[in-house]
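Subject: Structure handover

Hello,

Here is the structure I promised to pass on. My notes on it follow below.

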Amino acid sequence: LIKLETGYIKIGDKVSTEKKADLKRLCFDVGLVFQYPEQHLFAETVYSDIGFGPKNMGLSDFEVDLRVKTAADLVGLPERYLQRSPFAISGGQKRRVAIAGVIAMEPKVLILDEPTAGLDPKGRNEILDSISKVHQEMDMTVILVSHSMEDVAKYCKHLIVLNNGKIYLDGTKEEIFKENRKLKEIGLSAPQATLMAEKLKQNGMDIGTDIFTVSAAKEAILRFVSKQ
């Protein structure tokens, strides 16, 4: 959207500053879902909204139809919603439509900026489960931008912590969450389950160190108790 004034962007083997660089192709390779993506819905039907991107790629009607239905299924949107107005469905469903519209273009990389902002816990889990399903079934690289350490711990494999536009920490979640002091220095923290495990250890109940989610903490506590 914004042309570079300095530096370059490299996506796979494509570099944006090369004279022969196909910038349109670069846009198709990377899909971006903004915060509150449902605000960008505009078409008369859910089907048309999801199919807008694939149509602009010059795909046949058959291929567009296949991609729309596949993307809708991946985000958990029943086919009966496809002919409805995107403005006549719930907020969580609108977000699914917006995400499906990007997925339907089948980018190699999917970037999501705080995709669960404003959703209740149930809606947040459903959206993130859908994105995890997309990652697994379409072998798509997913970059999740988030301040929720709980979501990051549950769904992400590799973490990059940014501070003032630069890489501050880079590693697996096991490596990153051991740096709780450094995280606190920039206003972040390890997941609540990790902090709880540390408190329990300080009070004589060592349930382990690699505890990042509530479910993992539950299992570790039950194992500890069963051995007493």
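Asp151 lies in helix α6, residues 149–155. Helices (H or I, at least four residues) and strands (E, at least two) are DSSP runs, numbered from the N terminus. Asp151 has 6% relative accessibility, so it counts as buried. Buried means under 20% relative accessible area, exposed means over 50%, and partly exposed is in between (1.4 Å probe, protein chains only). Asp151 is in contact with Thr116, Arg124, Leu128 and Cys156, leaving aside neighbours within four places in sequence. Contact means heavy atoms within 4.5 Å.

A word on the source. This is a predicted model, in which local features need pLDDT of at least 70 and side-chain atom pairs count only at pLDDT 80 or more, while totals for chains, interfaces and linings use all residues. Residues are numbered from 1 along each chain as its sequence is written, and side-chain values use heavy atoms, with hydrogens and water left out.

Now the whole chain. The protein chain has 10 helices and 7 strands. Its C-alpha trace spans about 65 × 45 × 25 Å along the principal axes. Of the 228 residues in the protein chain, 39% are buried. Take the contacts in the chain with a separation of 6 or more: 54% of them join residues 24 or more positions apart.

Next, a sheet. Three strands form an open sheet in the order β3-β4-β5, with parallel pairing. Two strands pair if DSSP finds at least two bridges between them. β3 (30–33) and β5 (141–145) stand at the edges, each with a single partner strand, so one side of each has no neighbour in the sheet. On average, neighbouring strands of this sheet are turned by 15 degrees against each other, direction ignored. Axes are lines fitted to C-alpha atoms, for helices over the stretch in contact, and angles run from 0 to 180 degrees between N-to-C directions.

Strand β4 covers residues 109–113 and pairs with β5 in the parallel sense over 5 bridges. Asp113 stands opposite Val145 in β5. Helix α4 (residues 91–103) lies across β3 and β4. This helix runs at about 170 degrees to β3.

Another aspartate deserves a look. Asp29 is found in helix α1, residues 23–29. Asp29 counts as buried because its relative accessibility is 3%. Apart from neighbours within four places in sequence, Asp29 is in contact with Ile11, Lys14, Pro107, Lys108 and Val109. Asp29 and Pro78 are 49 residues apart in sequence, and their C-alpha atoms are 27 Å apart in space.

The search used a 1 Å grid over the protein atoms alone. A cavity is a set of points where a 1.4 Å probe fits but cannot get out. A pocket is an open set with protein on both sides within 12 Å along at least five of seven lines. Lining residues have an atom within 4 Å of a point. Grid points are joined across faces, edges and corners, and a volume is the space filled by probe spheres set on the points.

The second largest pocket has a volume of about 970 Å³. Its lining has 29 residues, of which Ile143, Leu144, Val145, Cys156 and His158 lie nearest the centre. α5 (121–138), β5, α6 and β6 (158–163) each supply at least two lining residues. By class, this lining has 19 nonpolar, 8 polar and 2 charged residues. Ala, Val, Leu, Ile, Met, Phe, Trp, Tyr, Cys and Pro count as nonpolar, Asp, Glu, Lys and Arg as charged, and the others, Gly among them, as polar.

How many cavities of 30 Å³ or more does a search of the whole structure find? The search finds 1. The largest cavity has a volume of about 30 Å³. Arg67, Thr70, Ala71, Leu74, Ile103, Ala104, Glu106 and Met138 line it. Helix α3 (residues 61–74) gives the most to this lining, with 4 residues.

Last, the backbone. Most residues other than glycine have a negative phi. Glu106, in the loop between α4 and β4, has a positive phi near 50 degrees. Glu106 counts as partly exposed because its relative accessibility is 39%. Tyr36 is found in the loop between β3 and α2 (46–56). Phi of Tyr36 is also positive, near 50 degrees.

Best wishes
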